[in-house]
Amino acid sequence: MQDILDEIVATIGASKERGKVADYIPQLACIDPNQFAITVALADGRVFSSGHSDRLFSIQSISKVFTLTIALGKLGDAVWSRVGREPSGDPFNSIVQLEHENGKPRNPFINAGAIAIADAILKGHQPKETLGEILQFVRFIADDDSIGIDEKVAQSELVTGDRNASLAHFMASFGRMKNPVDWVLGTYFHHCSIAMNTEQLARSGLFLVDNGRNPVSGTRVVSALRARRINSLMLMCGHYDGSGEFAFRVGLPGKSGVGGGILAIAPGKASIAVWSPGLDEVGNSKLGTEALEKLVQHTGWSIFG
């Protein structure tokens with residue numbers, strides 16, 4: 001496995017076509033696009049990394065996997081009265097479908113859907129309490145208490161988050177929001193600003209590898225049914241309107257973030273994290289996707305055989 005990862009870093013990581021960093025968030029625009037990392041956390045507890053795997057980066061929308069997991073724990077299937085389970089086919093920050101579907105987001109991984117999930121898990125609590133709960137959960141599943149929030153990124157998002165504020169207020173106009181919009185947006189911007197490296201991120205996905213149970217510690221995080229459903233949503237919706245292309249090329253459940261990270265799950269095999277800040281035209285890590293495609297070719301881990 002180490003040889004495979006080193007080869008990926010040597011070939012794909014050296015590419016000159018690296019995509020474009022998310023410059024609409026000023027703090028992310030400062031990131032050096034020449035960084036690349038990949039980590040594979042196997043179900044037997046072994047972890048392999050190559051590249052800049054110790055560098056912290058903003059996980060952005062990958063955090064939506066964790067907030068969805070928390071929301072399902074709090075509300076169960078009542079979550080689906082707030083968000084749908086279908087691919088959007090539109091950009092991640094689109095407002096168009098909300099107009100046609102009475103303010104109900106198409107799925108929990110587009111921005112509107114994740115804002116609705118943040119509203120669901122607030123449940124009348126102060127944002128600081130809810131963020132503490134989210135952080136505690138992420139630290140628990142990654143087995144790492146050092147994980148925190150990059151406050152500079154969070155403030156950068158607050159200053160430039162007019163589109164997300166529009167989504168939240170638009171949903172509120174349909175009576176979809178149960179908490180003050182400012183509370184919801186503060187929670188959303190901050191959980192998207194959680195900073196992790198690829199080793200921490202790969203470990204955090206292990207519970208989705210083994211039917212909701214961390215295969216290393218033996219601790220059950222969610223039920224097998226819930227883990228399967230989270231993986232299915234990652235496959236269908238985890239890369240926005242590039243989800244079909246990712247399934248075609250990689251064939252694994254995955255969730256991307258505009259910080260350049262991707263968390264991918266090979267059920268029964270491994271949790272994989274890649275990071276390359278340059279994005280493709282739909283907002284997914286360009287080299288990260290190529291790296292995962294190459295990894296699956298080497299390992300045969302595609303869920304499609």
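Which residue stands opposite Val274 in β8? The residue is Ile38. The views below are taken from a predicted model.

**View 1**
Strand β8 covers residues 270–275, and six of its six residues are buried, so the strand is largely enclosed by the rest of the structure. Both of its faces are covered. On one side sit the buried residues Ala270, Ile272 and Val274, and on the other sit Ser271, Ala273 and Trp275, buried as well. Strand β1, residues 37–42, pairs with β8 in the antiparallel sense over six bridges. Strand β7 also runs antiparallel to β8, and six bridges join these two. Leu263 stands opposite Ala273 in β8. β7 and β8 form a hairpin, with three residues between them. Gly268, in the turn of this hairpin, has a positive phi of about 80 degrees.

**View 2. The open sheet β3-β5-β4.**
Three strands make up an open sheet in the order β3-β5-β4, with antiparallel pairing. Its edge strands are β3 (57–58) and β4 (148–149), each of which pairs on one side only. Strand β5, residues 194–196, is joined to β3 by two bridges, and the two run antiparallel. Phe57 has Met196 in β5 as its bridge partner.

**View 3. Helix α5 and the helices around it.**
Helix α5 spans residues 111–122. Its 12 residues should span 16 Å at 1.5 Å a residue, and the end C-alpha atoms are 17 Å apart, which agrees. The helix is mostly covered, with 12 of its 12 residues buried. Among the buried residues are Asn111, Ile115, Asp119 and Leu122. The buried residues of α5 pack against α3 (63–75), α4 (96–100), α6 (127–142), α8 (162–173) and α9 (181–192). Lys123 follows α5 and is placed in the loop between α5 and α6. The phi of Lys123 is positive, about 50 degrees, although this residue is not a glycine. Most residues other than glycine have a negative phi.

**View 4. The loop between α4 and α5.**
Asn102 and Lys104 are two residues of this loop. Asn102 is not a glycine, yet it has a positive phi of about 55 degrees. With a relative accessibility of 48%, Asn102 counts as partly exposed. Lys104 is also partly exposed, and its relative accessible area is 26%. Apart from neighbours within four places in sequence, Lys104 is in contact with Trp80, Ser81, Arg82, Val83, Gly84, Leu98 and Arg176. Thr11 is 93 residues from Lys104 in sequence, and their C-alpha atoms are 43 Å apart in space.

**View 5. Residues annotated as a binding site.**
An unreviewed UniProt entry places the feature "binding site" at Ser61, Asn111, Glu157, Asn164, Tyr188, Tyr240 and Val258. Of these residues, Val258 is included in the lining of the second largest cavity. Two of the annotated residues, Glu157 and Val258, are described in the next two views.

**View 6. Glu157 in helix α7.**
Glu157 lies in helix α7, which covers residues 151–160. Its relative accessible area is 5%, and because buried means under 20%, Glu157 counts as buried. Not counting residues up to four places away in sequence, Glu157 touches Ile25, Gln60, Phe189, Cys192 and Ser193.

**View 7. Val258 in the loop between β6 and β7.**
Val258 is found in the loop between β6 (254–256) and β7 (261–266). This residue is buried, with a relative accessible area of 6%. Leaving aside neighbours within four places in sequence, its contacts are Ala22, Tyr24, Ile25, Leu28, Gln60, Phe92, Leu279 and Gly283. Ile25 and Gln60 are contacts of Val258 and are also touched by Glu157.

**View 8. The two assigned domains.**
The domain assignment divides the protein chain into domain 1 (2–60 + 195–298) and domain 2 (63–194). The centres of domain 1 and domain 2, taken over C-alpha atoms, are separated by 20 Å. Where the domains meet, 35 residues of domain 1 are in contact with 41 residues of domain 2.

Notes: Residues numbered from 1 in each chain as written. Predicted model: local features only at pLDDT ≥ 70, side-chain atom pairs only at ≥ 80, totals over all residues. Heavy atoms only, no water. UniProt positions renumbered as here; feature names shortened; annotations may be inferred. 1 Å grid on protein atoms, 1.4 Å probe; cavity = no way out; pocket = protein on both sides within 12 Å on 5 of 7 lines; lining within 4 Å. Helix = DSSP H or I, 4+ residues; strand = E, 2+ residues; numbered from the N terminus. Buried < 20%, exposed > 50% of the residue type's maximum accessible area, 1.4 Å probe, protein only. Contact = heavy atoms within 4.5 Å. Pairing = 2+ DSSP bridges. Expected span 1.5 Å × (residues − 1). Domains from an automatic or database assignment.
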